[in-house]
Amino acid sequence: RCRLIRYMHHWPNIVMVSDGGGEEDLEVHSEDASWPPRRLHLDPLVLGRPTQLLPSPHSSLVAVVNDRSKLLIIDTETGVIQCGDYSDTEDGISDLTWSPCGSWLGDSYL
């Protein structure tokens, strides 16, 4: 099963959350099937359950908010994960947005 499906900066690439391997993980697909899907094999204890996903408009970075209200920035080429922000409030992190140049990532939380 797949969810949170989004186009990436380099069409026709698509990034999505999939539980095809038993645990949720990010996968990068080609819309035209010109290459096989690539699963990132991220640590499920770090990734958690993604609730929001937003690709950068100019790079291979993807912003992910998980069920623990952590904002993760994931490089889909290398699989490197960085924690960009977290919230210890009930409402968590929301309203992700990349700047048009892709250098800045904004979010909000209460």
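Is Leu 61 buried, partly exposed or exposed? With a relative accessibility of 26%, Leu 61 counts as partly exposed, because buried would require under 20% and exposed over 50%. Keep in mind as we go that this is a predicted model.

Let's stay with Leu 61 for a moment. You will find Leu 61 in strand β6. Leaving aside residues up to four places away in sequence, Leu 61 touches Pro 55, Ser 56, Ile 73, Ile 74, Asp 75 and Trp 98. Look also at Thr 76: this residue lies 15 residues from Leu 61 along the chain, and the C-alpha atoms of the two are separated by 6.1 Å.

The largest nonpolar core has 14 residues, and the members that touch the most others are Leu 26, Leu 53, Val 64 and Ile 74. Four strands, β2 (13–18), β3 (25–30), β6 (61–66) and β7 (70–75), each supply at least two residues of this core. A second, separate core has 6 residues, among them Ala 63, Ile 93, Leu 96 and Trp 98.

What does Leu 53 touch, not counting residues up to four places away in sequence? The contacts of Leu 53 are Leu 4, Arg 6, Val 15, Val 17, Leu 26, Val 62, Ala 63 and Val 64. Two of these names, Leu 4 and Arg 6, will come up again below.

Next, trace the strands themselves. Strands of a sheet pair through backbone hydrogen bonds, in either a parallel or an antiparallel way. Here, an open sheet of 4 strands runs in the order β1-β2-β3-β4, with antiparallel pairing. Strands β1 (2–7) and β4 (38–39) stand at the edges with a single partner strand each, so one side of each has no neighbour in the sheet. Between β1 and β2 the antiparallel pairing extends over 4 bridges, and Arg 6 stands opposite Val 15 in β2.

Two residues deserve a look for their backbone angles. Most residues other than glycine have a negative phi. Leu 4, in strand β1, is not a glycine, yet has a positive phi of about 50°. Leu 4 is also buried, with a relative accessible area of 16%. Ser 69 is the other example: Ser 69 has a positive phi of about 60° without being a glycine. You can find Ser 69 in the loop between β6 and β7. Is Ser 69 buried or exposed? At 13% relative accessibility, Ser 69 counts as buried, because the limit for buried is under 20%. Apart from residues up to four places away in sequence, Ser 69 touches Asp 85, Tyr 86, Ser 87, Thr 89, Gly 92 and Ile 93. Ile 93 is one of the residues of the second core.

Our last stop is His 9, in the loop between β1 and β2. His 9 is partly exposed, with a relative accessible area of 37%. Which residues does His 9 touch, not counting those up to four places away in sequence? They are Ser 56, Pro 57, His 58, Ser 59 and Ser 60. With Ser 59 there is a polar detail to find: the side chain of His 9 reaches the backbone oxygen of Ser 59 at 2.8 Å. Finally, compare His 9 with Ser 103: 94 residues apart in sequence, the two are 13 Å apart in space, C-alpha to C-alpha.

Note on methods. Residues are numbered from 1 along each chain as its sequence is written. This is a predicted model: local features need pLDDT of at least 70, side-chain atom pairs count only at pLDDT 80 or more; totals for chains, interfaces and linings use all residues. Side-chain values use heavy atoms; hydrogens and water are left out. A nonpolar core is a set of buried Ala, Val, Leu, Ile, Met, Phe, Trp, Tyr and Cys residues joined through side-chain atoms within 4.5 Å. Buried means under 20% relative accessible area, exposed over 50%, partly exposed in between (1.4 Å probe, protein chains only). Contact means heavy atoms within 4.5 Å. Two strands pair if DSSP finds at least two bridges between them. A polar contact is a pair of N or O atoms within 3.5 Å; within protein, one must be able to donate a hydrogen and the other to accept it, and residues adjacent in sequence count only if both atoms are side-chain atoms.
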